[in-house]
Amino acid sequence: MTVHAHGALYKERGLLTSSGQQIKYAAEITALLEAVWKPSAVSIMHCRGHQKGRDEIPKGNRRADQAAKAAAKPPLPTEAEAQAKVLICKQEPQSSMPNYEFYMNLKKFEPHGEFIEIILNKWQDDYELLELNHDYIQWLFPTRTQGRNFYSIPLNPQETRLMVNTSEVQQRLRGACKMMLKFFGVEIVGEEEDKETIEVERAENFASRFENLTINSHNNLRITRILHSLGELGAEEYQVPLVRFFLKEILIKNRLPRMKKSVMNFFIPAVRDPQDRQDLLFFAWRYYFPKGEFIWEIMENWHDTNQNQWWLHFYRPTERMDTCVLRERKEVADRRTRRVWRRWMVPDGKWTSGPTSNTGS
């Protein structure tokens, strides 16, 4: 009955009873509904069970009950196996998976939260709620680092693998991404047409939402978290189009001025693929103005703790890690102890070494 009829009702209600309470054995039912799709063909016959008689159907039911009980009863372990299991339990406690449970609609986010299906369906156009509530974002886009909501739990490797390989989680993750992009005044195009590349464009409400992004700059932190989470949970295809979109808006169309430092120093490094990061940095260099603020430097004996410096890290295939420093207009005059080997980018993508710069000594 669970597969035939109840399963669809359970999924429609989010594994909740009519009174809003979580149903019993929710995790087991979810696992069953996922498992029936794994074989290439499944045949389930519904008949009256637990009936006495000598017909084939009652006999078959009794044999099925006996087989199920036998399968559910594990064989008795040997003494050596029992000792090994005790050691395993002591050394490797089972990791909790609150983010997976939240994404499977089995758990509300904390504190004072809601189930993810309610967020995706009822919070969609409530921009005031999405702006003022600061607890949901760490649950909606979990990463391996602890966020400001200390009720949230960072991803662990086992949980990450499970979420990447669960279709229901992936579907909700992409739905959550699109909900937040709409909140930012952005939309994804080309995905429904099954194009090779995904593109990001302005949404119809972009004017008011861009104004909100400029006023409430804490959304830059949210975008950084979203980019990291997409990369860790198997939705990397959204990273590059989203970062490139913000680079165009800031560097070409001169919008979102308070996001400029964030896109250079946090959005680009959040992109998972090293080659994609390098391509985005070259794109940024082409349109960055003034060029004097955009400098590639190999950092040797760099001990400058000046707070007016922002650092971008990227990996080049044939050389060690370089650092891109985005400087403010006002240079500090008293830097007397550093030696910097500068490298300037040229339009064709090749690299040329600039002169040694010894400032102040």
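**Charges over rings**

R244 lies over the face of F283, 4.8 Å from the ring centre. This placement comes from a predicted model. A second case is K260, which sits over the face of Y288 at 4.3 Å from the ring centre.

**Aromatic pairs**

The count of aromatic pairs comes to 13. One of them joins F109 and W123 in an edge-to-face arrangement, with 6.1 Å centre to centre and 90 degrees between the planes. This pair links distant parts of the chain, 14 residues apart: F109 is in the loop between α5 (98-103) and α6 (116-122), and W123 is in the loop between α6 and α7. Both F109 and W123 are buried.

F282 and W285 form a stacked pair, 6.0 Å centre to centre with 20 degrees between the planes. These two residues are separated by about one helical turn, because they are three residues apart in helix α15 (residues 274-287). F282 has a relative accessible area of 21%, so it is partly exposed, whereas W285, at 12% relative accessibility, counts as buried.

**Ring cluster**

F109 and W123 also belong to a cluster linked by ring pairs, together with F102, Y103, Y136 and W139.

**Surroundings of N133**

N133 is in the loop between α7 (127-132) and α8 (137-140). Its relative accessibility is 17%, so N133 counts as buried. Leaving out residues up to four places away in sequence, N133 touches F109, W123 and R222; F109 and W123 are the two residues of the edge-to-face pair. A polar atom of the N133 side chain lies 2.9 Å from the backbone nitrogen of D135.

Conventions
Residues numbered from 1 in each chain as written. Predicted model: local features only at pLDDT ≥ 70, side-chain atom pairs only at ≥ 80, totals over all residues. Heavy atoms only, no water. Helix = DSSP H or I, 4+ residues; strand = E, 2+ residues; numbered from the N terminus. Buried < 20%, exposed > 50% of the residue type's maximum accessible area, 1.4 Å probe, protein only. Polar contact = N/O pair within 3.5 Å; in protein donor to acceptor, adjacent residues only side chain to side chain. Contact = heavy atoms within 4.5 Å. Phe/Tyr/Trp six-rings, centres within 6.5 Å; stacked < 30°, edge-to-face > 60°. Lys NZ or Arg CZ within 6 Å of the ring centre and 35° of its normal.
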